Amino acid sequence: MNDLKKEFEKHMLGVFSAPDIWLERGSGVNVYDIDGKEYLDFLAGIAVCATGHCHPKVVSAISGQASKLMHCTNLYGIPGEVELARELCIMTGLGKAFFSNSGAEANEAAIKMARKYAHSKDPDKSNIVTANNSFHGRTLLTVTATGQEKYQKGYHPLPPGFTYTPYNDVEALKGNVGKDTAAVMMEPIQGEGGIIPAKQEYMKAARDLCDDNGALLIMDEVQTGVGRTGMFLASENYGVKADIVSLAKALGSGFPIGATLCTDECASVMGPGDHGSTFGGNPLACSAALATLKVVMEEDLMMNAAKMGTYLKLTLKDLDGRLIKDVRGMGLLIGIELNEPKAVDMKNWCAENGLLVGSIKDTIIRLAPPLIIGKADADKALGIMGKYMDAP
Ligand SMILES: *Cc1c(COP(=O)(O)O)cnc(C)c1O
């Protein structure tokens, strides 16, 4: 393993530090490292492996497709892409879909669409309002949308036309949205920002302010979408419908795919040649996503996410008053805020003891397990986390 770390450091761009855990395979809620050690995976590739690792139906969809057709340019069609678009429109209540390969690309398309739509009304209407502490991706445009300087440092000049507003502050939002606003872009729960759910009144204010100012509401559901919060979209929990929704992480159960959904009205400004992607709508990605949606529905995973999420949250709140400051989130996207800067220590300790969780900053533990977990899995994870908290 030390050799692997050395090789990693020698050959890999240093944007990630060399990992201590090297995985070989996964099955359901578990992953196994190259020495055969088993881990209960409560991070699921950061909210990606919603159907668990290597769900047989997803595996068979991908491998079946792989032996038939692995790529199709957008000059030709494949039925699976249209089927996926139809399914996603039904699930989100939106009108049209565009496919790409990642969350950043899905957001990039969302911002481009919103700009084009706004410009069709007024050439000076171009501003995108995003929240402080948000995360929207790593391309230059989406890192600009991301309201955190640490992701932008060193990459200036950034594309202009973005305004940042404090998350969950309705008065500030009112001051930042106006006639020059093309779109308000937000996460229903700030994921990378520390699992911070939007307040109901903030969501509603964002919708109302967009309507009053002829702006579009873009909901970045890259981390929250595809059932993780108990609804297909987290914004459904608020009864708020966005004009544009971006999806990615969980959509392909681990196979890379991004999707940007929008209303027919918004889609009307996008014509042939206005946007594109060589790999977008790839046959393997579409088959993985169709299989994922099928599993989510057939196995009632949204209901399970809501149920298991509530169970985890309530039990965590009872665990230990000393170390835990706050437990928050929705469904199976849960943040545990600690009283002390021990998140990394706790994450490493849990991994040594067979449980994978995430850490955000120094004080927040992120749980984003597969949506297939049962009570026994939750109890096992709670047991390991509880043991850490009991330690002096
Ligand atoms: C992960 C994430 C992204 C970026 O997705 P990539 O696939 O890494 O480009 C964008 N927005 C949110 C809310 C995310 O959690």
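Predicted model: local features only at pLDDT ≥ 70, side-chain atom pairs only at ≥ 80, totals over all residues.
Biologist: OK, which domains is the protein divided into?

Modeller: Domain bounds here come from an automatic or database domain assignment. On that basis, the protein splits into domain 1 (2–52 + 300–390) and domain 2 (57–298).

Biologist: How many residues of domain 2 are in contact with domain 1?

Modeller: Contact means heavy atoms within 4.5 Å. The centres of the two domains, taken over C-alpha atoms, are 26 Å apart. From domain 1, 27 residues take part, and the number on the domain 2 side is 31.

Biologist: Which three residues supply 31% of the area that domain 1 buries against domain 2?

Modeller: Buried area is the accessible area (1.4 Å probe) that two parts lose on being put together, summed over both. Between these domains it comes to about 2300 Å², and carbon and sulfur atoms give 63% of that. The trio that supplies more of domain 1's share than any other three residues is Met302, Met330 and Leu333.

Biologist: Leaving aside neighbours within four places in sequence, which residues is Met385 in contact with?

Modeller: In soluble globular proteins, nonpolar side chains tend to be buried together. With those neighbours set aside, the contacts of Met385 are Leu316, Ile336, Met346, Cys350, Leu355 and Leu367.

Biologist: How many residues of strand β5 are buried?

Modeller: Strands (E, at least two residues) and helices (H or I, at least four) are DSSP runs, numbered from the N terminus. In a regular strand the side chains alternate between the two faces of the sheet. In β5, Asn127, Val129 and Ala131 are buried on one side, and Ile128 and Thr130 are buried on the other. So β5 (residues 127–131) is largely enclosed by the rest of the structure, with a buried count of five of the five.

Biologist: Which residue in β6 stands opposite Ile128?

Modeller: Two strands pair if DSSP finds at least two bridges between them. Strand β5 runs parallel to β7 (residues 181–186), with three bridges, and Ile128 has Ala183 as its bridge partner there. Strand β5 also pairs in the parallel sense with β6 (residues 162–165), over four bridges. In β6, the residue opposite Ile128 is Phe162.

Biologist: What is the phi of Ala47?

Modeller: Most residues other than glycine have a negative phi, and most peptide bonds are trans. Ala47 sits in helix α2 (residues 44–47) and counts as buried, at 0% relative accessibility. Its phi is positive, near 65°.

Biologist: And which residues does a cis peptide bond join?

Modeller: Look at the loop between α7 (149–152) and β6, where you'll find Pro157. Omega is about 0° for the bond that joins His156 and Pro157.

Biologist: How many residues apart in sequence are the parts that the pair Asp264 and Lys96 ties together?

Modeller: A salt bridge is a side-chain nitrogen of Lys or Arg within 4 Å of a carboxyl oxygen of Asp or Glu, and the structure holds 17 of them. In the one between Asp264 and Lys96, the closest N and O atoms are 2.7 Å apart. Asp264 lies in helix α10 (residues 264–267) and Lys96 in strand β4 (residues 96–100), so the separation of the parts in residues is 168.

Biologist: Last one: in which helix do Asp379 and Lys375 both lie?

Modeller: These two form a salt bridge, with the closest N and O atoms 3.0 Å apart. They are four residues apart, about one turn of the helix, and that helix is α14 (residues 375–390).

Conventions: Residues numbered from 1 in each chain as written. Heavy atoms only, no water. Buried < 20%, exposed > 50% of the residue type's maximum accessible area, 1.4 Å probe, protein only.
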